[in-house]
Amino acid sequence: MLSKIHSQFVNKAPHILGLTLRHIPFHIKKQAIEQLLQLQFEHSLEDGDLDFLENRWLKIQVTDLGLIWFVSLIDNKLVVSREEIADVSFIGNANDLIMIATRRQDPDTLFFQRRLIVEGDTELGLYVKNLMDSIELESMPNFLRVTLEKLASIIESAPEI
């Protein structure tokens, strides 16, 4: 009985969270996402590792949260927008994206299972995927790493129903 409740919580929590997130104004979400990106990629920006994103738009869509945003590098700063013409899109659900971020799932595996969708400029998509693969968990801001790891443990321990 408890395992069924756990599984249902893991499967339904993103949708419920998404209902709440829809009521937060975009400018607040934008500010939070930009700050997280700046923290996470501070050294990559300094080293020029994100130059491939200069004036190109990456669309990130978290389907079960109902979130969509676009990211680009403009004047050596990561910028988030509500709507742009995407050069490449990464589309997935929250649980799968958390598992990718914590290295508990391989993005290639999820791609071939059609749980991670990549559309658009293949070369740019490969750059983004390689950047994701190069992120060390230890380099993440502590609060983000701990939160993601705890969420991944909850997701991972949910039985399949």
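Reply: Q40 counts as buried because its relative accessibility is 14%, where buried means under 20% relative accessible area, exposed over 50% and partly exposed in between (1.4 Å probe, protein chains only). This is a predicted model, in which local features need pLDDT of at least 70 and side-chain atom pairs count only at pLDDT 80 or more, while totals for chains, interfaces and linings use all residues. Residues are numbered from 1 along each chain as its sequence is written, and side-chain values use heavy atoms, with hydrogens and water left out.

Q40 belongs to helix α2, residues 26-40; helices (H or I, at least four residues) and strands (E, at least two) are DSSP runs numbered from the N terminus. Apart from neighbours within four places in sequence, Q40 has contacts (heavy atoms within 4.5 Å) with I135, S139, M140, P141 and L144.

L97, in helix α4 (residues 94-101), is partly exposed, with a relative accessible area of 25%. With neighbours within four places in sequence set aside, L97 contacts Q61, V62, G92 and L116. The C-alpha atoms of L97 and P107 are 8.6 Å apart, and these residues are separated by 10 residues along the chain.

Two loop residues complete the view. N55, between α3 (42-47) and β1 (58-62), has a positive phi near 55° without being a glycine, and counts as exposed at 52% relative accessibility. N76 lies in the loop between β2 (67-74) and β3 (77-81). The phi of N76, also not a glycine, is positive at about 60°, and N76 is partly exposed at 40% relative accessibility.
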